[in-house]
Amino acid sequence: MDKTVTIYSTPVCHFCQAAKEFFAENNIKYTNYDVASDAEKRQEMIEMTGQMGVPVIRIDNDVVVGFDEDIGKEVRGVEGRKRTTKNWILKDPVFLQRQLV
């Protein structure tokens, strides 16, 4: 089953660009919203995460703030190494934060 992937990004964000390149190179379809120019999507992102950092990547009902290739591998269904980066997953509708380990 295909997953729905949405990226909230800005044009000058290095990690946003890395996420979009990774998804494109791995044939993962995604919708990109430029929150620098789209105030409505920026507000949607803030309400979803409670913060303004990008990229924000929504994978079905999971929301990830930040990007590394292991996140992309999860979208593809490939198990990656355990992460110790300070990415956060937010589960809807509850604002549940937990550091990825």
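A residue counts as buried when its relative accessible area is under 20%. Keep that in mind for these close-ups, which come from a predicted model.

**Close-up 1. Phe 22 meets Phe 67.** Both of these phenylalanines are buried. There are 5 aromatic pairs in the count. In the pair of Phe 22 and Phe 67, the ring centres lie 5.9 Å apart with the planes at 55°, so the pair is tilted. This pair links distant parts of the chain: Phe 22 belongs to helix α1 (residues 14–25), while Phe 67 sits in the loop between β4 (62–65) and α3 (69–76), 45 residues apart.

**Close-up 2. Phe 23 and Tyr 30 join in.** Here the ring centres are 6.1 Å apart and the planes stand at 50°, so this pair is tilted. Phe 23 is buried, with a relative accessible area of 0%, whereas Tyr 30 is partly exposed at 30%. Ring pairs link Phe 22, Phe 23, Tyr 30 and Phe 67 into a cluster.

**Close-up 3. A charge over a ring.** Look for Lys 41: its charged end sits over the ring of Tyr 33, 4.3 Å from the ring centre.

**Close-up 4. A cis peptide bond.** Val 54 and Pro 55 are joined by a cis peptide bond, with omega about 0°. You will find Pro 55 in the loop between α2 (39–49) and β3 (56–59).

Close-up 5. Asn 27 is not a glycine, and its phi is positive, near 55°. Asn 27 lies in the loop between α1 and β2 (31–34) and is exposed, with a relative accessible area of 69%. Asp 60, also not a glycine, has a positive phi of about 55°. Asp 60 is in the loop between β3 and β4 and is partly exposed, at 33% relative accessible area.

Key
Residues numbered from 1 in each chain as written. Predicted model: local features only at pLDDT ≥ 70, side-chain atom pairs only at ≥ 80, totals over all residues. Heavy atoms only, no water. Phe/Tyr/Trp six-rings, centres within 6.5 Å; stacked < 30°, edge-to-face > 60°. Helix = DSSP H or I, 4+ residues; strand = E, 2+ residues; numbered from the N terminus. Buried < 20%, exposed > 50% of the residue type's maximum accessible area, 1.4 Å probe, protein only. Lys NZ or Arg CZ within 6 Å of the ring centre and 35° of its normal.
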